[in-house]
Amino acid sequence: MDMKSPPQPGGALKTKSAQAGGNSPRIAVIGAGLSGLCMGIFLKQAGFEDVTLYEKANEVGGTWRENTYPGVACDVPSQVYSFSFALNPNWSKTFAGGDEIWAYTKRVVEAFDLARHIRFNTEIETLAYDDTGWTLRTTTGEQIHADFVIAGMGGLHTPNIPDILGLEDFAGTTFHSAEWNHTHDLTGRRIGLIGSAASAVQILPRIQPQAGHVTLFQRTANWILPRGDTPNAAWVKSAFKTVPGLQRLVRGGLYLNLESRFPAFKKGHPMRKMARRWLDTHLEKSVKDPALRAALTPDYPPGCKRILLSDDFYPALQQPNVTLETTPIAAIEPEGIRMANGTRHAVDTLILATGFHPFGLEPPFAIHGRDGQSIFETWADGVSAHRSVAVAGFPNLFFLMGPNSGLGHNSVIVMIEAQARYILHCIQAVKARDARSIEVRSEASDRFNEDVQASLSDTIWDSGCKSWYKDEKGRNYTLWPHSTLRFRREMRSPDLAEYTIA
């Protein structure tokens, strides 16, 4: 693995002057997935040693630890879905599988000596702020004090269990894709796969060959592009290890290629017609049966919901032991599923590929800021954060992959690194002034979020389709409405006039 110090705009990441003003602050990072690990590395590189990552599980890795379903993989090329300061020349293929990404996170921990900063099996139950700082209470009742808290739990961590009549009465085996039952043999089983989005598209091709029959219950069709996944040849890996700068050049090219697709998410942009033709052609070539092709054609414009990548979903769906069901489900019965038209499908195994609750609708724990202000109350009218990381009324609290930092076209690792660097600069600003707290001004946060929502109105995500990008009121609180180049530029360093430092 090609390890280097994280990028240092203005030399900030390694400056020891960050410690001005006395003892090193106690910094708590919640979560040891990619977000939390990146934050921990940046803090250590800047000279902060009193840093602890609190992880509820017994291993690092976040979503790549938890999701172990057959076929789990990233839909962003591995060269880009990895830290810029920890390149891996040994990726086995273009799009690494979940187990390979998980192994990468563990190597990063070792390379940057993070293990001694991680407390495993420590789940946070509440966060509360007062004049002395933050108190973190764990599920075991332990109280931990910290001067700064950085929440790096990720945006999609709570499995969404569908509210279907009779689900609890099913007599067979049921499990969510994020809680895969590896002891349950699927050989010869009659499987009901509920859901047809990202995880289902990866699961179906893996379980179809061994299953007796699979019925895929599709509520909404998805636009799908070919993944184009290919193995990385031995000579490529060798070249990455021996030719200086080669892998970084390849990574940069991939990043810019992904970035060039962003205009296709803008309403009325000419790239939209090109994208639609590409998607239609792929579906027509992949699915010859007109009726099936019609059932798989979305009724919304490309990009309004997440565009999926797969080379083997369409072929698996057309195998004789697979049925696509598009009629709404009426109820789950002990031995199968009854549709709204009265049709029944006999199944003995239910797999819920129904995704996750998005960030903020169901915060994993209670957070109380200044004067006891609750994050639930603050977000009652909509989840938002200043520059995706800070919330007014909650001093010294920051979010990684917070509101409006998700993407539809590029790697979230780019966003994570930019956020971690920005948060680091905020903490350094407090220490440099011998102050105790930093809090975003409400007027600055309001102005930023008004601009974000206005910009989102010009994107395809505001074209009327329902997606997990939006809350119940139709407000998009998950996606960044501009290019990642702009995000990186705006997050290079905080405008301290937007904050109160005391």
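Predicted model: local features only at pLDDT ≥ 70, side-chain atom pairs only at ≥ 80, totals over all residues.
**Cysteines**

The structure holds one disulfide. Its partners are cysteine 304 and cysteine 465, whose sulfur atoms lie 1.8 Å apart. The torsion about this S-S bond is about -110°, and the disulfide is therefore left-handed. Cysteine 304 sits in the loop between helix H8 (290-295) and strand E15 (308-309), while cysteine 465 belongs to the loop between helix H12 (442-456) and helix H13 (484-490), so the bond ties together parts that are 161 residues apart in sequence. Both cysteine 304 and cysteine 465 are buried.

Two further cysteines, cysteine 74 and cysteine 426, take part in no disulfide. For each of them the table gives the nearest cysteine sulfur and its distance.

| Cysteine | Nearest cysteine sulfur | Distance |
|---|---|---|
| Cysteine 74 | Cysteine 38 | 16 Å |
| Cysteine 426 | Cysteine 38 | 15 Å |

A pair of cysteine sulfur atoms must lie within 2.5 Å to count as a disulfide. Cysteine 74, at 16 Å from the sulfur of cysteine 38, is in no disulfide, and the 15 Å given for cysteine 426 likewise goes with no disulfide. Cysteine 74 counts as buried because its relative accessibility is 5%. Cysteine 426 is also buried, since its relative accessible area is 0%.

**Packing of helices H1 and H3**

Helix H1 spans residues 34-45 and helix H3 residues 98-111; the two pack at an angle of about 15°, with their axes 11 Å apart. Angles under 35 degrees count as roughly parallel, and H1 and H3 are therefore roughly parallel to each other. The crossing in which H1 passes H3 is left-handed. On the H1 side, the contact is formed by Leu34, Leu37 and Ile41, which meet Tyr104, Thr105, Val108 and Val109 of H3. By class, the residues of this contact comprise six nonpolar, one polar and no charged.

**Glutamine 208**

Glutamine 208 is located in the loop that joins helix H4 (198-207) to strand E13 (213-217). With a relative accessible area of 12%, glutamine 208 falls under the 20% limit and is therefore buried. When its neighbours within four places in sequence are left aside, the residues in contact with glutamine 208 are Val214, Ala316, Gln319, Asn321 and Val322.

Definitions and conventions:
Residues numbered from 1 in each chain as written. Heavy atoms only, no water. Helix = DSSP H or I, 4+ residues; strand = E, 2+ residues; numbered from the N terminus. Buried < 20%, exposed > 50% of the residue type's maximum accessible area, 1.4 Å probe, protein only. Contact = heavy atoms within 4.5 Å. Axes fitted to C-alpha atoms, helices over the stretch in contact; angles between N-to-C directions. Parallel < 35°, antiparallel > 145°, perpendicular 65-115°, else oblique. Left-handed = near helix turned anticlockwise from the far one by under 90°. Nonpolar A, V, L, I, M, F, W, Y, C, P; charged D, E, K, R; others polar.
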